[in-house]
Amino acid sequence: MKQQDLQLLLEKYKAGKCTAAEVTLLFAWLDKTAAATPEAGLSSEAAQSVQDAVWQHISKKPAAKRRHLGLWMAAATLLPFFICLLTWQQHSRQPPQMAAVSRLISRTGPTETRRVLLPDGSVAQLNASSSLEYPAQFTGHERCVSIKGQVFLDIKHQPQQPFVALSGDLRITVLGTSFLVRNIPGQPAKVAVASGKVQVAHQQQVLATLRPSDMLTYTDKRTFISSTDTTTINAWIRGEQLLSGATLQQVLWELEAYHGVTFSSRLPLQQGRLDLSFSSNMTLQDKLDIIATISVAPKVHFRETGKGTYEVY
């Protein structure tokens with residue numbers, strides 16, 4: 001039965017002009033409609049207006065006591081219909097909702113890097129063991145992506161739609177710039193700017209505004225700002241790992257992230273200041289041999305204790 005036919009039949013019923021067959025048809029259809037359309041879908045105001053309409057109809061009926069039972073049954077049956085009708089009318093006035101924008105995820109494994117072109121023309125370079133989640137199309141007032149691991153971003157300038165990178169508890173907002181985000185479990189989070197300007201916030205509290213050569217390190221709710229060489233920020237994109245004045249711990253963190261291995265040690269790894277340059281064609285063992293050769297305080301050696309695990313002694 002069409003919506004228009006149903007309304008006409010209801011008007012006939014309210015006017016007392018329905019035949020027995022029409023009343024049976026109407027009540028059968030209303031029962032079917034009520035089962036498919038729960039009242040919970042309406043607001044309290046909409047539900048009240050439905051009830052008012054029903055009671056207005058009932059008040060016009062004869063008050064004979066023996067007919068009260070029939071009126072109550074009619075009200076109980078008609079109420080779901082009014083609810084269904086009002087819900088249909090409300091939905092018909094609303095503009096059609098846009099389909100949800102699908103999300104895409106790009107991941108890299110150990111020693112793997114990848115270049116990802118974002119929908120707005122921005123470019124993301126993923127380092128090893130990293131992931132980037134982004135929409136198939138940027139909509140709304142922000143261009144928002146989620147980052148795990150280490151990703152270098154070169155963002156297209158769109159002042160009317162700021163670019164936002166979410167990484168762990170950090171929120172990095174930019175208008176047009178190139179910067180590095182590094183957020184690996186168990187390691188300090190880092191944001192380093194190669195060009196432009198970014199704002200870094202933690203849980204809605206602004207930590208700093210960074211400019212070229214600025215690097216923010218966030219760990220244990222503490223923020224450190226330092227200077228860095230812009231040529232080292234994305235050296236890995238060119239197939240190099242450049243470390244300047246790094247502690248042994250920082251060097252090992254780089255190797256863990258890139259090669260997907262784990263180091264353990266009882267030595268004071270926060271000591272040492274190493275300048276290292278590794279190329280992409282070097283094996284992990286090549287790098288460990290170099291570190292063992294040039295390390296002084298402390299002097300370190302490496303022993304493989306299992307698949308992907310090493311002891312530093």
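Let me begin with the term itself: a salt bridge here is a side-chain nitrogen of Lys or Arg within 4 Å of a carboxyl oxygen of Asp or Glu. Please keep in mind that what you see is a predicted model. With that definition, a search of the whole structure turns up seven salt bridges, and I will walk through some of them.

Take E311 and R303, whose side chains meet in a salt bridge with a nitrogen-to-oxygen distance of 2.7 Å. E311 is partly exposed at 29% relative accessibility, and R303 is likewise partly exposed, with a relative accessible area of 38%.

Now look at R143 and D120, which form a salt bridge whose closest N and O atoms are 2.4 Å apart. Because R143 sits in strand 5 (residues 143–154), while D120 belongs to the loop between strand 2 (114–117) and strand 3 (123–126), this pair ties together parts that are 23 residues apart in sequence. Are these two residues buried or exposed? R143 counts as buried, at 0% relative accessibility, and D120 is buried too, with a relative accessible area of 15%.

Finally, R103 forms a salt bridge with E133, and here the closest N and O atoms are 3.5 Å apart. R103 lies in strand 1 (residues 103–107) and E133 in strand 4 (residues 131–135), so the pair ties together parts that are 30 residues apart in sequence. R103 is partly exposed, with a relative accessible area of 41%, and E133 is partly exposed, with a value of 29%.

Note on methods:
Residues are numbered from 1 along each chain as its sequence is written. This is a predicted model: local features need pLDDT of at least 70, side-chain atom pairs count only at pLDDT 80 or more; totals for chains, interfaces and linings use all residues. Side-chain values use heavy atoms; hydrogens and water are left out. Helices (H or I, at least four residues) and strands (E, at least two) are DSSP runs, numbered from the N terminus. Buried means under 20% relative accessible area, exposed over 50%, partly exposed in between (1.4 Å probe, protein chains only).
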